Amino acid sequence: MARNRNRQFHIGLARAAAGSVLFTIPLLMTMEMWWLGFYMKPLRLALMLVLSVPLLAGLAYYSGFEKSLTLRGILVDALVAYAVGAFTAALTLSLLAVIHWNMSMVEVVGKITLQAIPAGMGAVLASSQMGGAQGGTEEERVAAPDRKPGYWGELFLMVSGALFFAFNMAPTEEMVVIAHAMSAWHAILLVFVSIGIMHAFVYNVEFHGQESHPKSHSWWAVFSRFTVTGYALSLAVSAYCLWSFGRTDGEDAFMVVTQTIVLGFPASVGAAAARLIL
């Protein structure tokens, strides 16, 4: 029994490592992320790191590679996921010569710490996408509880999906370039298109595993409680990512709002996709 548990734990670690690389390879090879690890303000990086703990814990609760029932077990899952993400980020960045012995410790730690956040999310998501309770062994399927998220749980998953997509886009120069090229009418149209795509993505396009309209709710209730609320959360996540990465520093209010709307487009798709994936 102990040997089998150790084997399953090691399989889970390997799956997490594979997921962290698979989900974050674009960020690991993005120059802006390398720079952010060096010049991102320490307090903003520390705040992002602190907030990543409850984020990973929540993801571990719904789709972690160890389906623990206790709060302690869930926190252990989250910390293990972050540790795996940090390890794979450090290894990959070293192989790519992004970090090396001639760098200062502050720069090395900053680059690894920042990359470890999305890598940790990828490590947790590896359970639902690369095996885990639904696709693993019979013992894993029996041991894993059925954790269907309620309304607040679904909002949390939408925030997680929005953050994962926004994290991939926010550091890039393209967000600034697009925002500067857009007019107010472009921004308004993008808001409506984002909301429409988000609602269709979850309820109307008939993807595998897609949600259906709750019978107890009208179309308008579903649209307002899930789609509109989810889009508002996506904008909040986008604004936070842009602020954390210094994209809003020195910009006027119009440019801050426009950048948020631009980043809110992929973030809203991520929020909708999270309800299908997790």
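**Chatting through a helical model**

Me: Hey, which helix does Ile261 lie in?
Reply: Ile261 lies in helix α12, residues 253–277. Helices here are DSSP runs of H or I with at least four residues, strands are runs of E with at least two, and both are numbered from the N terminus.

Me: Before we go on, what sort of model is this?
Reply: This is a predicted model, where local features need pLDDT of at least 70 and side-chain atom pairs count only at pLDDT 80 or more, while totals for chains, interfaces and linings use all residues. Residues are numbered from 1 along each chain as its sequence is written, and side-chain values use heavy atoms, with hydrogens and water left out.

Me: Thanks! Back to Ile261: buried or exposed?
Reply: Ile261 counts as buried, at 11% relative accessibility. Buried means under 20% relative accessible area, exposed means over 50%, and partly exposed is in between (1.4 Å probe, protein chains only).

Me: And what does Ile261 touch?
Reply: Not counting residues up to four places away in sequence, Ile261 touches Ala187, Leu190, Val191, Tyr231 and Leu235; contact means heavy atoms within 4.5 Å. Ala187 is 74 residues from Ile261 in sequence, yet their C-alpha atoms are 6.6 Å apart in space.

Me: Let's zoom out. How many helices and strands are there?
Reply: The protein has 12 helices and 0 strands. Buried residues make up 50% of its 278 residues.

Me: How much of the contact set is between residues 24 or more positions apart?
Reply: Such pairs account for 80% of the contacts with a separation of 6 or more. Ala16 is found in helix α1, residues 2–28, and is buried at 1% relative accessible area.

Me: Nice. Which residues have the most contacts inside the largest nonpolar core?
Reply: Leu114, Phe167 and Phe245 do, in a core of 65 residues. A nonpolar core is a set of buried Ala, Val, Leu, Ile, Met, Phe, Trp, Tyr and Cys residues joined through side-chain atoms within 4.5 Å. Beyond four places in sequence, Phe167 touches Leu27, Met33, Met48, Leu114, Ile117, Pro118 and Phe245.

Me: New topic, aromatics. How many aromatic pairs does the structure hold?
Reply: It holds 5 aromatic pairs. Rings of Phe, Tyr and Trp (its six-membered ring) pair if their centres lie within 6.5 Å; planes under 30 degrees apart count as stacked, over 60 as edge-to-face and the rest as tilted. The rings of Tyr151 and Phe226 have centres 5.3 Å apart and planes at 80°, so that pair is edge-to-face. Tyr151 lies in helix α8 (residues 151–169) and Phe226 in helix α11 (residues 219–244), so the pair ties together parts that are 75 residues apart in sequence.

Me: How covered are those two?
Reply: Tyr151 is partly exposed, with a relative accessible area of 22%, whereas Phe226 is buried at 8%.

Me: What else is around Tyr151?
Reply: Ring pairs link Tyr151, Trp152 and Phe226 into a cluster. The charged end of Arg225 also sits over the ring of Tyr151, 4.1 Å from its centre; that label needs NZ of Lys or CZ of Arg within 6 Å of the ring centre and within 35 degrees of the ring normal.

Me: Last one: which residues of α9 are buried?
Reply: In α9 (residues 174–181), the buried residues are Met175, Val176 and Ala179. They cover an arc of only 95° around the axis, which puts them on the same side of α9; the arc is that of the directions from the helix axis to the C-beta atoms. The face turned away from that buried side carries the exposed residues Val177 and Ala181.
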